[in-house]
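Here's a quick briefing to read with the model open beside you. Have a look at the structure first, then work through the notes.

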Amino acid sequence: MSQFKLNQNLKQAQTFSFSYGMKLSLELLQLNSMQLAEVLERELLDNPLYEIEYLSFSSGKDIEDISSTGKSLLEEISGQIETDKVNMNVVETLLMNIDGNGYLKVEVLELVKALKCSGKEIEKIRKMIMCLQPYGICAKDLKECLLIQAKMNYPKKSKLHQLIEFHLEDLANHYVDKIRKALLVTQDELEKLIQMLRSFDPRPASEYNISQAQMTKPEFILIENEGHIEIQPIRYFNIHRVNKFSKKDLNSDEKKWIQQMQVQGDALVEGLIKREETLTLIMKEIVSVQEQCILEHSPLKPLKQKEIAERLKLHETTISRALKDKMFEFENQSYWIRSLFSNQVTADGVSKDQICLKIQYIIKNEDKRIPFSDQKIVELLCKENIKIARRTVTKYRELMGIAKASTRVMRGN
């Protein structure tokens, strides 16, 4: 082989390695630990040179242990399916992408590439799941969830179906006469339809305590040591080189294939190392700001992802992707890493958490005969150099479930 051709082949291999490695590193960074295992299995499926070694970790509770201990939603759904006739990979992926209410969080088209099957097939399976008990799982929104429950429980009640499909907003606004005229029903008939509607569950997955946390394991364990936090990355698997081929036994095409498998395997190993390094770097920077707040379970200091990006000289989108669906463990409890961020809401650098705590304290110590109005709370906060609008106080008070002043005095609490 000429020197020119040798250099050309080497350059092509290096280019392939670089582009594949860069793309893979970005993909691995934004995956949580459970998703990561699936990708590694997929990437190494046809690679005879490497294998995954799964490691055990039992320092604290797994996220699954925090969830309900009854039958999982996947078990409930699978028990109603002829699993040999349905693509269970699609079923499991759909169920992994629902929120705590049971609604699908992603568009079907987004799953096409990941599942390598048609949108038509995914949509067919999604609609099948909606018709299994509990009815409404994988619905796209409240209307679709309630409508499928109506059709499954009352298949012949067309007026009920019309009420849900066309008049949910009218019902929420109490436009009873408008609905009655549109459906051509009497007041009594409409009340019966509404009673049926109220029997449906707008959160069909709630009893299963479904959340992304159920499919996630912590990336780090935070350990208190003499008043400081040590950050310990958690590894759930390693990749090992397990098979070496003698070049003497291979033809030129086989050598090229083996070389490509080696490049891909090496890229995975490097990608895992890079992922851990980047996540650890980000976590250390976050903890450096919030350390005392974590240890004392006190309100967080103001901190935005943009600040971490600037400190580490990384792009803000890199921080956002890296922290997506990632958790850490502290004192046997698991938390979202993103929960360690708290937006600054005042020019003096006071966080939302700190303001909420102040509002709670003020209301707790008020004269119950003459409770403070939101405007009075604004004035009291201002004396502590916390300058916010009355509407902000109202918003935070309502978020904490605290009644307004007139109601507090009536209740005497």
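Predicted model: local features only at pLDDT ≥ 70, side-chain atom pairs only at ≥ 80, totals over all residues.

Residues are numbered from 1 along each chain as its sequence is written, and side-chain values use heavy atoms, with hydrogens and water left out.

**Confidence**
- Mean pLDDT (the predictor's confidence in each residue, from 0 to 100) is 81 for the protein, and 85% of its residues reach 70 or more.
- Residues 1-18 have pLDDT below 50, and beyond near neighbours in sequence this stretch makes seven contacts (heavy atoms within 4.5 Å) in the model.
- Residues 58-70 also fall below 50, with 29 contacts in the model beyond near neighbours in sequence.

**Salt bridges**
- The structure has 14 salt bridges, each defined as a side-chain nitrogen of Lys or Arg within 4 Å of a carboxyl oxygen of Asp or Glu.
- One of them pairs Arg397 with Asp374, with the closest N and O atoms 2.9 Å apart.
- That pair links distant parts of the chain, 23 residues apart: Arg397 sits in helix α17 (residues 390-399) and Asp374 in helix α16 (residues 374-383). Helices here are DSSP runs of H or I, at least four residues, and strands are runs of E, at least two, numbered from the N terminus.
- Both ends are buried (under 20% relative accessible area, with exposed over 50% and partly exposed in between, using a 1.4 Å probe and protein chains only): Arg397 is at 5% and Asp374 at 10%.
- Within helix α7 (residues 119-130), Arg126 and Glu123 lie three residues apart, about one turn; their side chains meet at 2.8 Å, N to O, and both residues are buried.
- Asp367 bridges to Arg369 at 3.1 Å between the closest N and O atoms. Here Asp367 is partly exposed at 33%, and Arg369 is exposed at 69%.

**Strand pair**
- Strands β5 (residues 327-330) and β6 (residues 333-336) run antiparallel, joined by four bridges; strands pair if DSSP finds at least two bridges between them.
- Met327 stands opposite Trp336 in β6.
- The two strands β5 and β6 make a hairpin with two residues between them, and Glu331 in the turn has a positive phi of about 55°.
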